[in-house]
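Here are my notes on this model. They cover the protein interface and the DNA contacts.

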Number of protein chains: 2
Amino acid sequence: MILDSETKATEHSEDHGDELRLWLRLLTCTNLIEGEVRRRLRERFDVTLPRFDLMAQLDKAPDGMTLSDISKRMMVSNGNVTGLVERLVESGHLDRRTSETDRRVQVIRLTRAGRAEFRKMAAEHELWIANIFADLSAKDVQDLMRLLGKTKLSARNATQQKA
Amino acid sequence: MILDSETKATEHSEDHGDELRLWLRLLTCTNLIEGEVRRRLRERFDVTLPRFDLMAQLDKAPDGMTLSDISKRMMVSNGNVTGLVERLVESGHLDRRTSETDRRVQVIRLTRAGRAEFRKMAAEHELWIANIFADLSAKDVQDLMRLLGKTKLSARNATQQKA
DNA sequence: TGTCGTTATTTTACGCATTAAACAATCCGG
DNA sequence: CCGGATTGTTTAATGCGTAAAATAACGACA
C-alpha cells in the first residue's frame with residue numbers, strides 16, 4: 001500500500017462517516033437482539049447464551065465432541081470451554097468421559113435430560129427470533145441476507161492479511 | 001394474543017428458518033468485525049474496546065460526565081463503569097473529581113493526554129472500519145443502513161412489550 | 001527404549017459484564 | 001428541622017472471555 005503524496009492527500013480528506021455510522025447501527029442492532037435473547041433465555045429457562053450455544057453444538061453431534069472440537073466450532077478459547085462444560089456437567093445437562101483410545105481427550109455429550117431441555121429451548125428461541133424480525137418483509141430478509149453476506153466477505157478480505 | 005385452534009395450527013407449522021439464518025449471519029458479521037477491531041486496538045494501542053468506547057463518550061463531552069451519564073450512554077451497568085473509570089484514571093487517561101454542588105456525584109473528564117491519545121486512536125479506527133466495508137458500494141451501504149434501521153424498529157417493537 | 005516434538009486440556013491472572021445489596025448524600029413534605 | 005424516599009455510587013458474588021504458562025499423553029524416530 002504505497003501512495004504518492006497527492007493520492008495520500010486525497011485519501012486523507014476522504015469521508016468515512018457513512019461506513020462508521022453503518023458499523024454503529026449494525027452493532028446496535030445485534031446488541032439489541034442479543035440482549036433480548038439473553039434476557040429471555042435467563043427468564044424462561046434460567047440459562048445463559050453461551051450455555052445455550054454450547055448445547056446447540058452438541059445437539060448436532062449425537063456421538064459427542066471433544067473440547068477442542070467445541071472450542072473451534074464456537075470460536076472461543078479452550079480454557080473458556082473447560083469452564084462452561086464444567087458447569088453444565090454439574091447441572092446434569094452434559095456428560096463427560098475420557099476417550100477410550102486417547103486418554104488426553106475428553107468426549108462431551110448431552111445427557112438425555114440435557115437434550116430434552118435444549119430442544120424445548122430451541123423451539124421457543126426460533127419463535128422469538130421470528131417475532132423480532134416480524135416487521136421485515138420476505139424481500140427485506142432476502143436483501144439483508146445478501147448484503148450481510150457481502151459484508152462478511154468484505155470484512156474477511158480486510159481481516160485476513162495475505163502474506 | 002389469542003388464536004383459535006385453526007390459526008394456531010397454522011402458526012405452529014410456519015417455517016422460521018429464514019429469520020433464524022438471518023440472525024446467525026448478522027451475529028457472525030458483527031462478531032467478525034468486532035473481534036478485528038478489538039484485536040487492532042489491543043495491538044496498536046494496547047487498549048480494550050470498552051475503554052475506547054468510554055473515551056469516545058467523554059470526548060464528546062468537554063465538561064465531563066457523571067458516572068450515571070456514562071452508564072446510560074454506554075448502556076451498561078453502573079458497577080461496570082466504576083471499574084472501567086478506575087483503571088483509566090490509574091493509567092492517566094481520565095480525571096475524576098467530586099462535584100462541588102453535590103457530593104454524591106463524580107465528574108469524569110478526559111485528561112489532556114487521554115484526549116490526545118483518543119483522537120489518535122479514533123482516526124485510525126475510522127480507517128479500519130472504512131477498510132472493512134470497502135467491498136460494499138455506496139448503494140449497498142445505503143441499503144444496509146435502511147434495512148438495519150427497519151430491523152432495529154422491528155426488534156424494539158418485539159422487545160418493549162407494551163403494558 | 002528413551003527423548004523430543006506435538007496435541008489436548010487445565011490452570012492462572014486478568015478484564016469486562018451482570019444483578020443485588022449496601023452505602024451515602026440529597027430532597028422534600030409535614 | 002427531621003425522617004423517609006430518591007438518587008448516585010460502590011461493593012460482592014458470579015459468569016464469561018482472553019492469553020499464556022503448565023501439565024499430561026501421544027507418536028515417532030535414533
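Of the atoms of DNA strand C within 4 Å of the protein, what share belongs to sugar or phosphate, and what to bases?

1. The model is predicted. In it, sugar or phosphate accounts for 80% of the atoms of DNA strand C within 4 Å of the protein, and bases for the rest.

2. DNA strand C is surrounded by 23 residues, and the closest are Ser68(A), Arg96(A), Thr48(B), Ser77(B) and Arg87(B). Helix 4 (67–74) and helix 5 (78–90) of chain A each give at least two residues, as do helix 3 (49–59) and helix 5 (78–90) of chain B.

3. Some phosphate contacts to check by eye. The side chain of Ser68(A) puts an N or O atom 2.6 Å from a phosphate oxygen of DNA strand C. Gln106(A) uses a backbone N or O atom, at 2.8 Å. For Arg103(B), a polar side-chain atom is 3.2 Å from a phosphate oxygen.

4. Now the protein interface. Chain B and chain A bury about 5300 Å² between them, with 72% on carbon and sulfur atoms. Leu22(B), Trp23(B) and Arg25(B) supply 13% of the area that chain B buries against chain A, more than any other three residues. In contact are 48 residues of chain B and 48 residues of chain A.

5. Polar links also cross this interface. There are 17 residue pairs in polar contact and two salt bridges. A salt bridge joins Asp140(A) and Lys150(B), at 2.6 Å from N to O.

6. On the side of chain B that touches chain A, helix 2 of chain B gives the largest share, 18 residues. That side divides into 22 nonpolar, 12 polar and 14 charged residues.

Technical notes:
Residues numbered from 1 in each chain as written. Chains lettered and ligands numbered in written order. Predicted model: local features only at pLDDT ≥ 70, side-chain atom pairs only at ≥ 80, totals over all residues. Heavy atoms only, no water. Contact = heavy atoms within 4.5 Å. Buried area = accessible area lost by both parts, 1.4 Å probe. Salt bridge = Lys/Arg side-chain N within 4 Å of Asp/Glu carboxyl O. Polar contact = N/O pair within 3.5 Å; in protein donor to acceptor, adjacent residues only side chain to side chain. Helix = DSSP H or I, 4+ residues; strand = E, 2+ residues; numbered from the N terminus. Nonpolar A, V, L, I, M, F, W, Y, C, P; charged D, E, K, R; others polar. Near = heavy atom within 4 Å.
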